[in-house]
Each structure stands twice: as C-alpha cells, then as structure tokens.
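Keep the structure open as you go.

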Amino acid sequence: MTGLSQIGVAVIGVGSMGRRHAENLLRAVPDARVVAVVDANAELAKKVVSDLGVDGCYSEVPAALERKDVDAVVIASPSRLHAPTIRAAAMAGKHILCEKPIATTLEEADAALAAVESAGVCLQVGHMRRYDPAYADAKRRIENGEIGRPVIFKSIGRDRELPPMSYFQAGGMLFLESSIHDFDLARWLVSDEITEVQAFAGALITPELEKYGDVDCGVVNLRFSGGAIGNVESYRHAGYGYDVRTEIVGSKGTLQVGYLEHTRETVLTAGGAAHDIVADYLTRFADAYVLEVQDFIETVRKGREPRVTGRDGRNALAVSLAAQRSYLERRPVAITPTNT
Ligand SMILES: NC(=O)c1ccc[n+]([C@@H]2O[C@H](COP(=O)([O-])OP(=O)(O)OC[C@H]3O[C@@H](n4cnc5c(N)ncnc54)[C@H](O)[C@@H]3O)[C@@H](O)[C@H]2O)c1
C-alpha cells in the first residue's frame, strides 16, 4: 500500500491518447489527481491544462518529475520516447503507466525494465484490450475451460482510414503500433508465448509508405511454444470503419470477440438492412481505457503486481520486431521471449 489518499499523476504527451487518459483520470478515478501535463507542443499543453483545469503545465519531462506531488506518470508521447521516459520516471521514483509499445528496440525495452526493477516502482503497459469487457470475459471463459485447449488464434485489426503522412515520417510502423495489440491478445488469451512468426505485408493502398519502410497491410502467422498456431491481419485503410475481431478456436469450442455496430440498431427497409459501424479506437475501447486507468491507480495504491506487466510489453514488442524482420527478410523468424 502507498498509504496515499490520492495518487498525483503527470500525463506526458497529451495528443489524442494522452488527453483521453487525462480526461478519464479526472472523471472516473476519484483516487487520482492529475497535477501536471507535459507536452513538447507548449500551446497544446496550455490548452489541455486550461480545458481540464490542471495546475502544472510543462513542455519538458524533467520539470514535471521534480514535483513532489507527482506519484505516477502516464506516458503517451510518441513511441520512440517511451523507453527513455520510463527510465527517467523510474529513477525519479514515479510509478508508470506507459502506452504501447514500451520501446522501439529490445535493448531499450530491457534497459527500461531494469530501471523499473532497480527503482522498485510499478510499470503497467497500455495493452488496454485486456480491459475490454468482451475480451476480459473471453479470457475468463478460456481459463474456465469452456473451449478446451486453445489451438488457433485469429485476429483482425482494421483502421477506418490511414493516419496523416506525418505519422509515418515519425516512424509509426504497422507491426509496432497496430499489430502489437493483437500479439498481446494472442499471448494473453492462449496463455503462451509466441516463438515464431512469418509475415507478409505491403504498401498496397499507399505505395508512398515504402519510402518510410512502412506498409499499410500485413498478415503474420504465429507459432506458440506449446504448439498452438495463429494469424494476425492488420490493415490501415478499411474505409467502412474500425474493425477489431478475434477468434480463439479451442479443442472443445470456439470463442468470437468483436462486433461492427456501435449502437444496437439495425434499420430494415426495402433497400436492405443497415447499421452503423464503430468509427475508431477511442469509441470501440472507451470502456477499456477507463478500466485501464482505474486499475493502474488501484494497483499503485495497493502496491500489487500490475495486470499488464513490463514483461508483457517487452514480449509483445519482440513479436512485432520479429514480424518486421520476417517481412523485410522474407523468411520465418524465431523469437526468444523472456520469463523475467
Ligand atoms: N493503446 C491504444 O489504444 C493507443 C491508441 C493510440 C495511440 N497509442 C499510443 O499512444 C502514444 C501517443 O499516440 P497519439 O496517437 O496520442 O499521438 P499524438 O501524436 O496524438 O500525441 C503525442 C503527443 O506527444 C507530444 N510529444 C512529443 N514529444 C514529446 C516530449 N518529448 N515530451 C512530451 N510530449 C511530447 C506531441 O506533441 C503530441 O501532442 C503512441 O505511443 C501510440 O502508440 C495507443
């Protein structure tokens, strides 16, 4: 137990994801207090501070880490900054919720995990799909043995539209930023590590992505250490909506998670049947983002092991990097997950 009545939080990076975390902490987590916001874009930081009524406004991380009333940080800056920010926060004795991926290389991830370990702080990684009520229920059913032993994992992750080109210039790679959610689900739902991948991918809709070494669609075949197999499809430009679906085929049954409708309304006319489609991740996983920050603050308060650990973040990253390598080298790539 921390013994603190309220956990003071600094949110680092308040673009789309960080702002949502700050809003959720303020609105839905009475045991947390957002005391500072940090963003390299000083104008944006000022706006968020003014919109949300937060006290501290910073454009650099170290100044916020110096605050005594900051007990924890939420890191939602660009992915390349995650590992150095985890290290700095750990060295300052702050607990950490870090967005995925925890790093962009395994060396950086391991150095960040070592800093967390030696500081004895809590690190939770932002694989929020585990908090989605449907995915959480699927996990519970699998653990209850309802579908027997998982043998095939299949997951689809399609964005409605391509992010702006600036996103790719900053290094937003498909396997590292998108497929990693499915790799985490795969490890979690199958309760096993992925030890081999073979990826096929291409810049099929937007050939300009090739100059950034990136792709807009990819499929990755998976092999788990216990023999189960799987497949993950990631696509940046579905056009019709945000489409995330997963199927776990077991020895006694199959579980399907995911839906397209945002509202439970279907309109039937002579022209056919129609329903709306979830537009984006902030809508589809709205509940999961709230439950994620609530659980983080509870974890910090109770001093317990986080539900999504640094090791989870590190091993999901290892799968993403192996998929990227498999695509580039046109061969299956083996992975050595860590148990520590
Ligand atoms: N879990 C999820 O569902 C999910 C969804 C989207 C994004 N993400 C992750 O969240 C992170 C942010 O993504 P986003 O879509 O919000 O990006 P974004 O570009 O909207 O926001 C990033 C913010 O970080 C700021 N920033 C840049 N350098 C900084 C620095 N040195 N210190 C502080 N702030 C800095 C930028 O000015 C920007 O406002 C990424 O790592 C991404 O992978 C996770």
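Buried area is the accessible area, taken with a 1.4 Å probe, that two parts lose on being put together, summed over both. The model is predicted.

**Exercise 1.** Locate the domains of the protein chain and state what separates their centres.

*Solution.* Start with the bounds. Domain 1 covers 7–121. Domain 2 is made of 130–286 + 316–334. Next, take the centres over C-alpha atoms: they lie 27 Å apart. Then turn to the contact. Domain 1 gives 12 residues and domain 2 gives 11 residues.

**Exercise 2.** Find the area buried between domain 1 and domain 2, and name the residues of domain 1 that lose the most.

*Solution.* First, the total: about 960 Å² is buried. Carbon and sulfur atoms give 63% of that area. Now look at the domain 1 side. Arg20, Lys100 and Leu106 lose the most area to domain 2. Together they make up 45% of what that side buries.

**Exercise 3.** Identify the polar links between the two domains.

*Solution.* Count the salt bridges: there is 1. A salt bridge needs the side-chain nitrogen within 4 Å of a carboxyl oxygen. Lysine 100 and glutamate 177 form a salt bridge, with their closest N and O atoms 3.3 Å apart.

**Exercise 4.** Describe the side of domain 1 that touches domain 2.

*Solution.* Begin with the elements. Helix H1 (16–28) and helix H5 (106–119) each give two or more residues. H1 supplies the largest share, 3 residues. Finish with residue type: 5 are nonpolar, 4 polar and 3 charged.

Methods: Residues are numbered from 1 along each chain as its sequence is written. This is a predicted model: local features need pLDDT of at least 70, side-chain atom pairs count only at pLDDT 80 or more; totals for chains, interfaces and linings use all residues. Side-chain values use heavy atoms; hydrogens and water are left out. Domain bounds come from an automatic or database domain assignment. Contact means heavy atoms within 4.5 Å. A polar contact is a pair of N or O atoms within 3.5 Å; within protein, one must be able to donate a hydrogen and the other to accept it, and residues adjacent in sequence count only if both atoms are side-chain atoms. Helices (H or I, at least four residues) and strands (E, at least two) are DSSP runs, numbered from the N terminus. Ala, Val, Leu, Ile, Met, Phe, Trp, Tyr, Cys and Pro count as nonpolar, Asp, Glu, Lys and Arg as charged, and the others, Gly among them, as polar.
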